[in-house]
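User: Hi! I have a structure open and would like to talk it through with you. Could you help me find my way around?

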Amino acid sequence: MTSGNMMNKIVFYEERNFQGRSYECMSDCPDMSSYMSHCHSCRVERGCFMVYDRTNFMGNQYFMRRGEYADYMSMMGMSDCIRSCRMIPMHRGSYRMRIYERDNFQGQMHELMEDCDNIMDRYSMSNFMSCNVMEGHWLMYEQPHFRGRMWYMRPGEYRNFMNMGMSGMRFMSMRRIMDSCY
């Protein structure tokens, strides 16, 4: 872990407006249920985090950058049930990802090095089923123009989205997670 990553910090609060019991997190936390029964506000002091409504980084995902979220449940349509969070490490350098039309890196392939607000318009692809994130950290969205549910992708091979709990989810846009959130 680099020294920049050690500075990341998010604080969760049980009540709106940063009230009630709190839980401070500076790294990945796969199960927050023993620390808090519910969560209505949070403050990201440094860095970026993904928060999840199920333990072990599963379920709906929400991207949180530095800032205050006094009542983020109603702002973002989230449930009050944040069960895990993942720190997104700072990335300096280039971004590179290959998307594939079918599972196991088969079919039509395109390489991305920058944000794509609509894969249908840019690549004439209605969907893709696997990807290889070679450099950088990315957010994938189910709708064009970075809208709808999102999924965090860190460097690695993603051979089959269906096997990863993304059944029925289609990705239509993707965005790099830039250092501007640090």
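User: Which strand does Glu142 lie in, and what does Glu142 touch?

Analyst: Glu142 belongs to strand 11, residues 138-143. Leaving aside residues up to four places away in sequence, Glu142 touches Arg147, Gly148, Arg149, Met169, Arg170, Phe171 and Met172. Take Met169: it is 27 residues from Glu142 along the chain, and the two C-alpha atoms are separated by 6.6 Å.

User: Ok, zooming out. How many helices and strands are there in the protein?

Analyst: The protein has two helices and 14 strands. Of its 182 residues, 46% are buried. If you take contacts between residues at least 6 apart in sequence, 67% of them join residues at least 24 apart.

User: What does UniProt say about domains?

Analyst: The UniProt entry, which is unreviewed, places the feature "domain: Beta/gamma crystallin 'Greek key'" at residues 8-46, 47-89, 95-135 and 136-173. In the model, the span 8-46 is 0% helix and 51% strand, and its end C-alpha atoms lie 5 Å apart.

User: Where does pLDDT stay under 50?

Analyst: That happens over residues 1-5, for which the model has six contacts beyond four places in sequence. Where pLDDT is low, the predicted coordinates should not be read in detail. For the protein as a whole, the mean pLDDT is 89, and 89% of residues reach 70 or more.

User: Good to know. Now salt bridges: how many does a search of the whole structure find?

Analyst: The search finds 13. One of them joins the side chains of Glu24 and Lys9, with 3.4 Å from N to O. Glu24 sits in strand 2 (residues 19-25) and Lys9 in strand 1 (residues 9-15), so this pair ties together parts that are 15 residues apart in sequence.

User: And are those two buried or partly exposed?

Analyst: One of each. Glu24 is partly exposed, because its relative accessible area is 42%, whereas Lys9 is buried, with a relative accessible area of 14%.

User: What does Arg176 form a salt bridge with?

Analyst: Its partner is Asp115, and the closest N and O atoms are 2.9 Å apart. Arg176 is in strand 14 (residues 173-176) and Asp115 in the loop between strand 9 and helix 2 (119-123), so the pair ties together parts 61 residues apart in sequence. Arg176 counts as partly exposed at 21% relative accessibility, and Asp115 counts as partly exposed at 23%.

User: Which residues are linked in a network of salt bridges?

Analyst: Arg96, Arg98, Glu111 and Glu135 are linked that way. Within it, Glu111 forms a salt bridge with Arg96, the closest N and O atoms being 3.6 Å apart. Glu111 is in strand 9 (residues 106-112) and Arg96 in strand 8 (residues 96-102), 15 residues apart. Glu111 is partly exposed at 32% relative accessibility, and Arg96 is partly exposed at 24%.

User: Last topic, strand 4. Why is strand 4 largely enclosed by the rest of the structure?

Analyst: Strand 4 covers residues 48-54, and six of its seven residues are buried, so the rest of the structure largely encloses it.

User: Which strands does strand 4 pair with?

Analyst: Strand 4 runs antiparallel to strand 7 (residues 84-88), joined by five bridges, with Val51 opposite Cys85. Strand 4 also pairs with strand 5 (residues 58-64), again antiparallel over five bridges, and there Arg54 has Met58 as its bridge partner. The hairpin of strands 4 and 5 has three residues between the strands, and in it Asn56 takes a positive phi near 60°.

Technical notes. Residues numbered from 1 in each chain as written. Predicted model: local features only at pLDDT ≥ 70, side-chain atom pairs only at ≥ 80, totals over all residues. Heavy atoms only, no water. UniProt positions renumbered as here; feature names shortened; annotations may be inferred. Helix = DSSP H or I, 4+ residues; strand = E, 2+ residues; numbered from the N terminus. Contact = heavy atoms within 4.5 Å. Salt bridge = Lys/Arg side-chain N within 4 Å of Asp/Glu carboxyl O. Buried < 20%, exposed > 50% of the residue type's maximum accessible area, 1.4 Å probe, protein only. pLDDT = per-residue confidence, 0-100. Pairing = 2+ DSSP bridges.
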